[in-house]
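The sequence and coordinates come first.

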Amino acid sequence: MGRHSIIIALLILFVSFASCRKDFEYASSTGNLEFSKDTVFLDTVFANLGSSTYSLKVYNRGKEDISIPFIGLEQGEASFYRLNVDGVAGKTFTNIPLLAKDSLYVFIETTAKIEENNTDQLLYTDILQFGKDDQTQKIPLITLVQDAVFLFPRSLSDGSSETVPIGYDAEGTEIRAPGFELQNDQLNFTNEKPYVIYGFAAVPKGQQLSIDAGARVHFHQNSGLLIPAEASLAINGSLSSDLENLENEVIFEGDRLEPEYSNVSGQWSGIRIARGSSNNTINHLTLKNASVGIFVEGEPSLPSPPTLDIQNTQIYNSLQVNLWGKSATINGKNLVLGSAGNSSLYCSSGGSYTFTHTTIANYWTKGFRNSATLTVSNYQLDAKGNTTGNDLLKADFENCIIAGSGNFELSLDKNDSYTYNYYFNNCLINGDEDKIPTQNKELYDLNDADTYQNTTWIQAVLFENAGINDFQLGPNAPALDKGDKTAALSTPTDILGVDRTATPDIGAYEYTGQ
């Protein structure tokens, strides 16, 4: 027999053998599938905003290969849910093979809607079915859909989106980003529904954006709030009785409500207060997961009125900086500036700053951090290495904690071309005298009574749980009862409303022993 005849004979034998193999025969599923979950909860999403992708694993524990005659949604094509079965998208599937002792993945997403005249929150459900007739197995799908006020740029006739100016690059060229100007009827955010903002929402010149206590404002990726020159912001939160739900706190965060996004930095851009804006006030705000929490640019020659007055506020988990003032005038009381990718508080290019009973604490765990928790500078270098700056008229810190996971958490950066005034009274600073920077070393002399009073280098601060941005004081914290009473009288209650006038603790929290 020739070589080609042998090959043909072997091919015929292989095809005949393969046609007889039971591996290629699939018995119909008899309802004995097993699942990784008995219900799939897709958590909470905003109406018309896509959810995360959730997975369900389907197991064939038997010894035979099977074919699942039907996988699909009970509501079929009308369902707000979407499926992907082993890499194929759709809402219904037929005759899906599943080998013995094997499994397959079903991926589930939703973009749900709330019908007009419905309630603000809707529990949207469907049933994911496996099999047919009396052998059908069912997995419930459940999503809480929340209605919101959606604010976004208009689409222009050329197909582009509306933009707003958000600053200037190193060459002085204006930077524009997708955004829009708020209309007159949009200048009061209430607590009736959450707000979801796409792009930068800009306050019109000569107007003020007022935000009521209990308001919830969510920002899409690369979105933020812009307060231009001659416009202002008033965030009017108030003290909450429920410290878990913070019913009267104003909360700014990203627009992903799923639990896995609750601590993801850089989900949105932040608040930008532009040069020429003044009399901005913030009270009882929680701001988290931005790129730069609040960026404030002031008029260096005009320290009054203040660019920003901020109280009873916590800002944490910013990808870069929590609060950044550039030549600004900022007055802060009862602030918690938590972990961030660089400095928690950055006072740059001079300005005027006063912080009382503020906890500035950076225990960033999401990467390398090369900046001190607190950085105070009267100059900056542009892209070409040229020095620009302004006088640092004042940088006063009273009853403040400056702490973090680094060896030395204070950076005083001075250029002699500009004034540099600073003062620490009754403060605790994470640092070690052996780690004092060699550059501007004289600025760190705690024995200099003109710049330091009752201020101490410390290594341990003993917060309740710094890793999750809980900076309440523990029972052995060195900050207990060490605050200056005169400074405390200007801020008689702590960020939680606890009286501190008798024996004030240093920082934003007064220890109660509870």
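## Largest pocket

β13 contributes five residues to the lining of the largest pocket, the most of any element. The model is a predicted one. The space in this largest pocket comes to about 1,200 Å³. Its lining counts 41 residues, and those closest to the centre are Ile166, Gly167, Tyr168, Phe295 and Glu297.

Elements that give two or more residues to this lining are β13 (163-168), β14 (174-181), β23 (270-273), β26 (292-297), β28 (321-337), β32 (379-381) and β33 (387-389). Sorted by class, the lining of the largest pocket holds 20 nonpolar, 13 polar and eight charged residues.

## Second largest pocket

The volume of the second largest pocket is about 710 Å³. Its lining consists of 23 residues; Leu243, Glu244, Leu246, Gln314 and Tyr316 are the ones nearest its centre. By class, nine of the lining residues are nonpolar, eight polar and six charged.

Which elements each supply at least two residues of this lining? They are β22 (250-254), β25 (285-288), β27 (308-316) and β42 (470-473). β27 gives the most to the lining of the second largest pocket, namely three residues.

## Strand β28 and its partners

β28 is one of the elements that give two or more residues to the lining of the largest pocket. Because 14 of its 17 residues are buried, β28 is largely enclosed by the rest of the structure. Its pairing with β26 is parallel and runs over five bridges; within that pairing, isoleucine 294 has leucine 323 in β28 as its bridge partner. β26 also contributes two or more residues to the lining of the largest pocket.

β27 is joined to β28 by seven bridges, again in parallel, and aspartate 309 stands opposite asparagine 331 of β28. Ten bridges connect β28 with β29 (residues 345-356), and these two strands run parallel. Isoleucine 330 faces tyrosine 353 of β29 there. β30 (residues 359-362) pairs with β28 over two bridges, also in the parallel sense, with leucine 337 opposite isoleucine 360 in β30.

## The open antiparallel sheet

An open sheet is made of five strands in the order β2-β4-β9-β6-β7, with antiparallel pairing. Its edge strands, which pair on one side only, are β2 (34-35) and β7 (88-90).

Glutamate 34 has tyrosine 59 of β4 as its bridge partner.

## Aspartate 65

Aspartate 65 sits in the loop between β4 and β5 (66-73). Is this residue buried or exposed? Its relative accessible area is 13%, so aspartate 65 counts as buried. The side chain of aspartate 65 comes within reach of the backbone nitrogen of alanine 100, at 2.8 Å.

## Cysteines

How many disulfides does the model contain? The count is zero, where a disulfide requires a pair of cysteine sulfur atoms within 2.5 Å. For cysteine 347, the closest cysteine sulfur belongs to cysteine 400 and lies 11 Å away, which is too far for a bond. Cysteine 400 is likewise in no disulfide; the nearest cysteine sulfur to it is that of cysteine 427, at 4.8 Å.

Both cysteine 347 and cysteine 400 fall below the 20% limit for burial. The relative accessibility of cysteine 347 is 1%, and that of cysteine 400 is 0%.

## Serine 490

Serine 490 belongs to the segment after α2 (485-489). With a relative accessibility of 40%, serine 490 counts as partly exposed, since that class lies between 20% and 50%.

Serine 490 and phenylalanine 189 are separated by 301 residues in sequence. In space, the C-alpha to C-alpha distance between serine 490 and phenylalanine 189 is 30 Å.

Terms used:
Residues numbered from 1 in each chain as written. Predicted model: local features only at pLDDT ≥ 70, side-chain atom pairs only at ≥ 80, totals over all residues. Heavy atoms only, no water. 1 Å grid on protein atoms, 1.4 Å probe; cavity = no way out; pocket = protein on both sides within 12 Å on 5 of 7 lines; lining within 4 Å. Points joined across faces, edges and corners; volume = space filled by probe spheres on them. Helix = DSSP H or I, 4+ residues; strand = E, 2+ residues; numbered from the N terminus. Nonpolar A, V, L, I, M, F, W, Y, C, P; charged D, E, K, R; others polar. Pairing = 2+ DSSP bridges. Buried < 20%, exposed > 50% of the residue type's maximum accessible area, 1.4 Å probe, protein only. Polar contact = N/O pair within 3.5 Å; in protein donor to acceptor, adjacent residues only side chain to side chain.
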